[in-house]
Each structure stands twice: as structure tokens, then as C-alpha cells.
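Please look through the structure shown here slowly, with the sequence beside it, and follow the paragraphs below one step at a time.

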Amino acid sequence: MNPAVGLDRARIRAAIGSRRGILLAGLALNVIFWIVRFAVEWSAMGMFYVVGVDWSRFWGAARAFDLVGPRAGYDLNAIARFMQPFMSYYSDGISNVALKVGPAPYPPIFLALFNPFTLPPPQIGFLLWTLANLLLAIPVARALARRFPAEHRRVVTLLLLVFFPLVDAFLVGQLVIILLFAFWRGYEALMRGDELRAGAWFGLLLIKPQYAVVLLAVILLKGRFRAIAGAALTSVGLLLSSLAVGGIEGIVAYVRMILIDYPNYNGGLAIDPRSMISWRALVLNLFPRIGDTEGLVLTALLSIISLAMLVVLWRGEWNPNSPRFANQMLATMIVSLLVAYHSQVHGMVFLMVPGALIAARPAGSSFLKKLMVVTVFGPPFANILSVILQGNSGMVALFFLLLLIMALLAVVKHDWTAEAERQAFGPPVPSMAVSHRER
């Protein structure tokens, strides 16, 4: 046996062992963190104050929608009346706090489909909701893990399932995991060349429009009209089904909630922009005393700059199976989060799909891959530090916001560098690359 070959194999085994060790360490850290955090939240606050808080709002809105009428499902006073039973689930230590009332700004068809989860006792309903969402998250994680070497797939699957924004969505009972499943199916359809089906899946993101607008704009500007047709079919389906269950009254109440009522809700309703992951949050955190007009102008300027970055990134061919496409989709969803008026940490679940594809390939931006390692190890420490310094988890959003900005800049830099190399040297010659490695 050639000693050099044996040495190479030993190095490969050592590299594999090192990567597996890093993955296992990240998995252990996140599992321990979430077990401790769940236990602390449950013991200190009880159920539905933090654990299941968004789900409890969906519950109140769905009950008001079903028992009073479609308009009531979007009326905060009506939602508050139906949420009163949740006060009994708060711990004795916070029994004097106000009910954590909040809106459910989703189309009438969502409230109608959510209503069966309100029939059993709330704790059972929340458990069933969590299990249903877990059944959607598992196939996404397993499919993405199959992009990695066989010896890493199990741990990668588990690591994706404890990704901070995903578990955060489980913790509060969010619906964004349903949209993650739709985004993954749409992405896979694009890679198969089935653009009509891809657009239909992406159209489901219109349930939370802030996650769909930039993506659909990119698809339109790239001339993928079959995908746009698919998204249009889904949007028509959402409209007609919402009309069927809520009538004109429900549609009008929903539109009013989105355009008028919802933007006026403030921190008492968990809509505090300073704890979000957007340009708006960055401006308010950096300049807390900035005026409304100045803040709006600066936020708009940052949004325009980031959207311009996307225009540059999406130049050239459309090829969903190219390594560059994952970078483009990662940047697209990052910009979607940054420019959105309402953008919370759990919205980062969409980054799992292109992010995992980038992490799985051997080539690419090393800095971007290092950021992904930070995404695994950083959030638990950011959360602990935030609790020590502020008494809450508010700094986690700032951590992720800075991470998003760095990731966007890394994608842009890598793309510009690759384009400069292509223009200077032309496309790489495979045979030369092989001979170089062999030497």
C-alpha cells in the first residue's frame, strides 16, 4: 500500500471525526439549552404566557370567529374575551399580570382550519398543534440532511430540528413551520424544473405576505411566469376559501387588520419593533430617539440598498441546480426579513433550506460557512447573556439581525469575487483542476 494514500485516508477520517464532533457539540449545546429554557419558562410563567403564547392568540381568534362571527376573529376586544380562560394557566407568581392578548392577522381560512385545535382542553390542543408541526418539520430536516455525507445525516437532521428559530416557533406555537414546509416543497419543485408547482407552494407564503413579496418579485423579474401562475392559483384559492368560510365581512376585517389595526399595535402586544430582525429594528436600536420621519427615511434607504443587492445577485442565468442559486435564495430570504415591517426571529426558519444546501457542498464562501457555525453555537450564549444583562431574551434578536447582515454581505462579496474571476480568467477547466489536486 502506498504510504501517501494511507496518510490521505487517515486525514480524511480525522476530518470526518472533527466535523462530527463539532456537529455533536452543537447538538448537545442546543438540546440542553432548550430543555433548561422550557423548564424555566414553564415553572416561572406557566403555560401560554411564553410557552404557547401565539397559539393562545390563534385560539382566541378562532373561537371568536366561529362563535361570534368572522369580524370578531379580527377584533382585539373579542379575542381578549375568548382568551380569558388562559389566565388560569399562568403561574401564581405572575397572576397579577395582564392577559397576553394579541392579534391573529391571517386570512379567514386559517382561523377556520385552526378551529378543531380549540375543541380539546387548551394544553391538549397545543400539544396536537405541536405534533402536527413536528410532522411537517421532520421531512424537511431529513431531506436537507441527505445532502450531507452519509455518516453525518442523522446528527444533521437533529441539528436542523433544534435550529434556534425553528424551536422558537415551536415554543410559542407559531404557524411559520407550515410555511417552511411550503417553501421547501417549492424549492425542490424548482430544482426538478416544475415551476408551476413551485409557484403554487410559494404562494402559501402569502398567508404571511412579508415572507412572499420579495421572493415572488424576484421570480417575476426573472421571467418565470409559470411559477407566477402557480402562485396566482394559490392566492385565488386562499381568497375563495376565505370567502367561503368568512364571507365579505371576514375578508374586509382581515384586510383592515393587516393595513390599519396591526401596524398600530405596540410592544404590549409583542409587536415591539426593537426586538425584531429588520432594518426598522436596527434603526430604532441604533437611534432610539430618532423621529418618525427620519426613521422611516433611513429604513427605506437601507431597504432600497438591500433590494439593489438582490438585483445584482440575480443577474445572469436562472439555474436552480447551480451552487450559486442557493446563495441567491439565501440572500433573497434574508432581504425579505430585513425589509419586512414585521419580522421576528422565527421567520429565519426559511434560511434552513438554502443554508443547509450551502453548508453541505465542499466549495463556497468559507466565511459564510463560519457564520453558519456561529448560527449553531451562538444563540444559546446570546440568550443567556441577554437574560443576565437585561432580564429577558431581547438581545437574541439583535444577535440574529447582525448575523443576517453579515451573511448578506458575505454572499454579495463571494458573488462579486466569483464574477470578477470569471471575467478575468474565464470558466474553470475541469481537467486542470483535477491535475492540480493530484499534484
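Is E195 buried or exposed? In this predicted model, E195 has a relative accessible area of 13%, and because values under 20% count as buried, E195 is buried. Its partner is R224, whose side chain meets that of E195 in a salt bridge, with N and O 2.8 Å apart. R224 lies in the loop between α10 (213-221) and α11 (225-264), whereas E195 belongs to helix α9 (residues 195-203), so the pair ties together parts that are 29 residues apart in sequence. R224 itself is partly exposed, with a relative accessible area of 23%.

R315 forms a salt bridge with D415, where the closest N and O atoms are 2.8 Å apart. Here distant parts of the chain are linked, for R315 sits in the loop between α13 (292-313) and α14 (323-339) while D415 sits in helix α17 (residues 394-425), 100 residues apart. R315 is partly exposed, at a relative accessible area of 27%, but D415, at 7%, counts as buried.

The side chains of R57 and D54 meet at 3.2 Å, N to O, and both residues belong to helix α2 (residues 53-67), where they are 3 residues apart, about one turn of the helix. R57 is buried, with a relative accessible area of 5%, and D54 likewise counts as buried, at 12%.

We can now turn from pairs of side chains to a pair of helices. Two packed helices are described by the angle between their axes and by the distance between those axes. For helix α5 (residues 122-145) and helix α6 (residues 153-161), the axes come within 8 Å and cross at roughly 135 degrees, which means that α5 is oblique to α6. The crossing of α5 and α6 is right-handed. On the α5 side, the contact is made by A137, I138, A141, R142, L144 and A145, and on the α6 side by R153, V156, T157, L160 and L161. Sorted by class, the residues in this contact of α5 with α6 are 8 nonpolar, 1 polar and 2 charged.

Conventions
Residues are numbered from 1 along each chain as its sequence is written. This is a predicted model: local features need pLDDT of at least 70, side-chain atom pairs count only at pLDDT 80 or more; totals for chains, interfaces and linings use all residues. Side-chain values use heavy atoms; hydrogens and water are left out. Axes are lines fitted to C-alpha atoms, for helices over the stretch in contact, and angles run from 0 to 180 degrees between N-to-C directions. Helices (H or I, at least four residues) and strands (E, at least two) are DSSP runs, numbered from the N terminus. Angles under 35 degrees count as roughly parallel, over 145 as roughly antiparallel, 65 to 115 as roughly perpendicular and the rest as oblique. A crossing is left-handed if the near helix is turned anticlockwise from the far one by less than a right angle, and right-handed if clockwise. Contact means heavy atoms within 4.5 Å. Ala, Val, Leu, Ile, Met, Phe, Trp, Tyr, Cys and Pro count as nonpolar, Asp, Glu, Lys and Arg as charged, and the others, Gly among them, as polar. A salt bridge is a side-chain nitrogen of Lys or Arg within 4 Å of a carboxyl oxygen of Asp or Glu. Buried means under 20% relative accessible area, exposed over 50%, partly exposed in between (1.4 Å probe, protein chains only).
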